[in-house]
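Thank you for making time this morning. I would like to walk you through one chain, and I will ask you to keep the sequence and the structure open as I speak.

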Amino acid sequence: MSSDSRRPLDPPGVFGAVLDALVEPVLMVDGAGRVERVNAAAIHLLGADRDVGRPVGEHLARVRARTPDGAELPPAMHPIARALAQGQAVIGAELALEVDGRWLTCLVNVVQVPGGDGAAARVLAVFHDITESARLERELVRQATRLEAIVDLVDEGIFVVDADNRLIFVNEAGRHMLAFTDGMSLPERIGKQPLYDPEGRPLSAGAYPSSRGLRGESVTDLPVMFDHPLTGRRQLRANAHPLRRPDGTIETVLVTWKDVTEAERARAELEGAREAAEAANRLKDQFIAALSHELRTPLQPILGWTEVLRRHRS
């Protein structure tokens with residue numbers, strides 16, 4: 001890099017020192033479209049020392065840019081070219097930049113710097129490297145997509161409510177089970193699909209699992225019922241668990257619902273069959289006892305005479 005590229009724009013050279021102290025790459029382009037100054041970070045990340053004193057178009061051709069969706073960005077649409085052509089700032093342009101075979105994701109801000117003594121205004125371009133944060137964000141989106149797919153596969157209804165008891169997430173089973181949708185408040189949910197206790201009494205708003213969770217309670221295996229428009233009264237088991245912020249305050253509540261109607265019906269039928277079998281067994285024992293008694297009663301005289309004859313003969 002030539003010594004001219006490091007000459008200060010202010011007499012004590014503070015401007016250049018400030019630029020070099022920044023961790024973001026910075027390019028300054030003069031009114032004629034030439035790269036006038038770069039900082040140390042631009043040299044390290046963008047290899048910009050080779051661009052100083054040369055038309056900015058060469059830099060744009062060397063450092064290929066793509067939009068976030070992967071489309072090639074024409075040089076004329078680059079934030080630096082737009083700021084030079086339009087004479088106005090370009091803020092927050094996200095670009096993927098190819099530098100010597102490696103890709104960086106940057107947020108680019110370009111602002112005008114007034115020129116002195118009638119000179120054309122310069123532009124100052126700052127590249128904020130968000131490569132790692134963008135990668136983590138993409139990974140987070142992928143993980144969230146996987147998690148949502150898994151959650152939609154389970155047969156339990158899964159709801160998440162915020163601190164205002166408003167639904168912010170409902171999985172597929174929950175939508176099918178109770179016909180609730182994202183954004184519904186507790187009064188809207190009660191109005192659409194009221195819940196009942198095992199005795200058939202409507203649950204009060206404060207007794208709902210989400211309400212109890214917002215009070216800090218953990219609810220486990222709470223029996224409730226509701227009336228399905230097609231299949232009639234259904235039995236559920238509800239669980240609720242508050243999710244807290246680092247400071248201990250409750251941020252959301254996770255509520256799960258499991259339809260146990262068929263399981264309860266099968267359990268009741270099994271219990272009925274067991275009781276019927278026990279009753280039949282008792283009847284059998286009673287019958288055998290009665291039969292044994294009835295048989296012993298007429299046989300007693302015969303057995304007595306048989307014993308007399310046996311003794312007389314001997």
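Predicted model: local features only at pLDDT ≥ 70, side-chain atom pairs only at ≥ 80, totals over all residues.

The chain has nine helices and eleven strands, and of its 314 residues, 32% count as buried. It exposes about 18,700 Å², and carbon and sulfur atoms supply 58% of that area. If we take the contacts in the chain with a separation of 6 or more, residues 24 or more positions apart account for 40% of them.

Let me turn to the aromatic rings, where the structure holds two pairs. In one of them, the ring centres of Phe159 and Phe180 are 5.8 Å apart and the planes stand at 45°, which is why the pair counts as tilted. Phe159 belongs to strand 7, residues 157–162, while Phe180 sits in the loop between helix 6 (172–178) and helix 7 (186–192), so this pair links parts of the chain 21 residues apart. Both of these phenylalanines, Phe159 and Phe180, are buried.

Phe159 also forms a tilted pair with Trp257, with 6.0 Å from centre to centre and 55° between the planes. Because Phe159 lies in strand 7 and Trp257 in strand 11, residues 250–259, this pair ties together parts that are 98 residues apart in sequence. Phe159 and Trp257 are both buried, and the ring pairs link Phe159, Phe180 and Trp257 into a cluster.

Now to helix 4, residues 79–86, and what lies around it. Which of its residues are buried? In helix 4 they are Pro79, Ile80, Ala81 and Ala83, and the elements that cover the buried residues of this helix include strand 1, helix 3 (56–62), strand 4 (90–99), strand 5 and strand 6. Just after the helix, Gly87 takes a positive phi of about 65°.

Leaving aside residues up to four places away in sequence, His78 touches Leu60, Ala65, Leu73 and Leu95.

Strand 6, residues 122–129, pairs with strand 1 in the antiparallel sense over four bridges, and here Leu27 stands opposite Ala125 in strand 6. Strand 6 is also joined to strand 5, residues 102–113, by eight bridges, and these two run antiparallel as well; Gln112 stands opposite Val123 in strand 6.

Finally, let us look at the surface, where Val14, Val18 and Leu22 form a nonpolar patch with about 220 Å² of accessible area together. Leu22 has its place in the loop between helix 1 (14–21) and strand 1 (26–29), and at 34% relative accessibility Leu22 counts as partly exposed.

Note on methods
Residues numbered from 1 in each chain as written. Heavy atoms only, no water. Patch = residues over 30% accessible without salt bridge, like charges linked within 9 Å, V, L, I, M, F, W, Y side chains within 5 Å. Areas by Shrake-Rupley, 256 points an atom, 1.4 Å probe, with all protein chains shown as cover. Salt bridge = Lys/Arg side-chain N within 4 Å of Asp/Glu carboxyl O. Buried < 20%, exposed > 50% of the residue type's maximum accessible area, 1.4 Å probe, protein only. Pairing = 2+ DSSP bridges. Contact = heavy atoms within 4.5 Å. Phe/Tyr/Trp six-rings, centres within 6.5 Å; stacked < 30°, edge-to-face > 60°.
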